[in-house]
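Please read it beside the structure.

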Amino acid sequence: MGMATRLRLRPSGRGLRPSGRAASATDPVAQALLALFGAPEVAPTLISEQLLERVPVQRLQESVDLLRERHGELRSVRRQKDLHLLLFATGSELVWARLDESGRLATFVTGPGALTARLAARTTVPVPRAAAPAPAPVVVPHAVPMPAAVGEVTPPVAVAAVPAVPAGPKPAAVLRLQRIVLAYAAATVAELTFPWLTGSATGWLLILAQTPAFAWYVLRTAPSWALPPWFRSLPLAPVVVAVLAFGHVLGAGLGWGLPGLPELGLFVGVVGLAAWTWRRCRPVPGAPTAHPLQLRSPLRGGTFVCTEAGGPAVNRHAEASLSPGGDRAGRYAADLVQLGEGPQWRGRRALGLAPATNERYAVYGHPVVSPVDGVVLAAVDGLPDHPPLASTANHPDGNHVRIGTDRGVVVLSGLREDSVQVRRGQRVAIGTPLGSVGNSAAGPEPALRLRAESSVGLGLPFRLAEARGGLYRGRRWAIGD
């Protein structure tokens, strides 16, 4: 490979100059930004070939024009550590930019996305060139709160995608899930045994009274979507066995005296646990005027279930929102997965309890459509899908789409890399294809995270028209194409 010739970038507009100590005339990034924003049209010679392959010149031109329309003419560029500040006539924008070996722009990120890109660059382990090629830049519009005018468009920007490092699931996470399943199975076995060990008819009655509370608790909190369908009928077995045990009570001639401490303790413990869980399963009360948004299901053509939804007892998003400094926008968020069909899947959401690859989850790659009519406020794409149980906190929403409506913003997160089909400023209707489900968000496995929030970033409750009642963990619904 021959040595590439380094291009000298000169601003074509007057009055454009780098400013600040670091942003001197010798700063190639500042010179490149001045040349890009100073010219009336984007010159392809300023952009690297890799970026042009992913982002057409027309889209780059739209980005530059929209920034100039918003803030006016570019006056100067100021270096701020590893970022650059574009100073316009009526405003400023942060930029994270990098050049290739030829001195051409290989990637640039504007707005709040510049900080995220900088963090990703700092936390990414460099890959030797002999081991892997450099990642190709992709278009990623930065996400911002709902603007005052719904039609306002923020320009798309480019960020270098971080390649996913192949890794298996964490053994500790898999063992934790297995222990949870075994704990529910052991509790069920104990429930099947207690009715035959009671010493009085009153004790049997207390055991019988607590079995519905036990069945409700298991059905509401256990990860039933990860197990075969027969697991959902398992918690009902103690109810049947307790009724059948009445014949043993009569045959043994047990009286209706005071119950023993084991029976009384079991009744108080199970009923109290179920009552406490029921209270914490209810969604966190919102403002009196925050009526639930009515949405259509963003997933169609199958059977779907909520793995995280409801109150803090059954929703990790709601629990995190109540902690100090928690994200209040996700207070009513829900994770949606698909249950596979056919003898191979047996009604489970994955081929196995905790598979190590995304392709073994039924929802992975499933099309996602718009649940509302509105305007796309952000369409982020290009972030890699991480392996199951290997979540990253660098990009909590991953690839996502934000849709503005007259009542708030609907966010669909965790989309598959390179699957987003809409762009910022586009109007969408219910059923418009948005992308497909991936595993790019901060979560343990492939799932579609759905949430609604206000213009100031507070979570809003919502309901799905196809799912009867409110959303909670274990809620299922089937819908055709």
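## Helix α6 against helix α7

Helix α6 (residues 201–221) packs on helix α7 (residues 237–244) at an angle of about 165 degrees. Their axes are 8 Å apart. Axes are lines fitted to C-alpha atoms, for helices over the stretch in contact, and angles run from 0 to 180 degrees between N-to-C directions. The angle makes α6 roughly antiparallel to α7 (under 35 degrees is roughly parallel, over 145 roughly antiparallel, 65 to 115 roughly perpendicular, the rest oblique). The crossing of α6 past α7 is left-handed: a crossing is left-handed if the near helix is turned anticlockwise from the far one by less than a right angle, and right-handed if clockwise.

From α6, the contact uses Trp204, Leu208, Thr211, Pro212 and Phe214. From α7 come Pro238, Val239, Ala242 and Val243. Contact means heavy atoms within 4.5 Å. By class, the residues of this contact are eight nonpolar, one polar and no charged. Here Ala, Val, Leu, Ile, Met, Phe, Trp, Tyr, Cys and Pro count as nonpolar, Asp, Glu, Lys and Arg as charged, and the others, Gly among them, as polar.

## Basis of the model

This is a predicted model: local features need pLDDT of at least 70, side-chain atom pairs count only at pLDDT 80 or more, and totals for chains, interfaces and linings use all residues. Residues are numbered from 1 along each chain as its sequence is written, and side-chain values use heavy atoms, with hydrogens and water left out.

## Val243

Val243 sits in helix α7. It is partly exposed, with a relative accessible area of 48%. Buried means under 20% relative accessible area, exposed over 50%, and partly exposed in between (1.4 Å probe, protein chains only). Val243 and Pro195 are 48 residues apart in sequence. In space, C-alpha to C-alpha, Val243 and Pro195 are 8.7 Å apart.

## Gly330

Gly330 lies in the loop between α10 (316–322) and β10 (334–339). Its relative accessibility is 8%, so Gly330 counts as buried. Leaving out residues up to four places away in sequence, Gly330 touches His317, Ala318 and Arg451. Gly330 and Leu460 are 130 residues apart in sequence, yet 8.5 Å apart in space, C-alpha to C-alpha.

Most residues other than glycine have a negative phi. Arg346 is not a glycine, yet has a positive phi of about 55 degrees. Its place is the loop between β10 and β11 (367–369). Arg346 is partly exposed, at 45% relative accessible area.

Asp418 also is not a glycine, and has a positive phi of about 60 degrees. Asp418 lies in the loop between β14 (409–415) and β15 (427–428). At 45% relative accessibility, Asp418 is partly exposed.

## Cysteines

Cys281 is buried, with 4% relative accessible area. Cys306 is buried at 0%.

## The whole chain

The protein has 10 helices and 20 strands. Helices (H or I, at least four residues) and strands (E, at least two) are DSSP runs, numbered from the N terminus. Of the 481 residues, 50% count as buried. Take the contacts between residues at least 6 apart in sequence: 70% of them join residues at least 24 apart.
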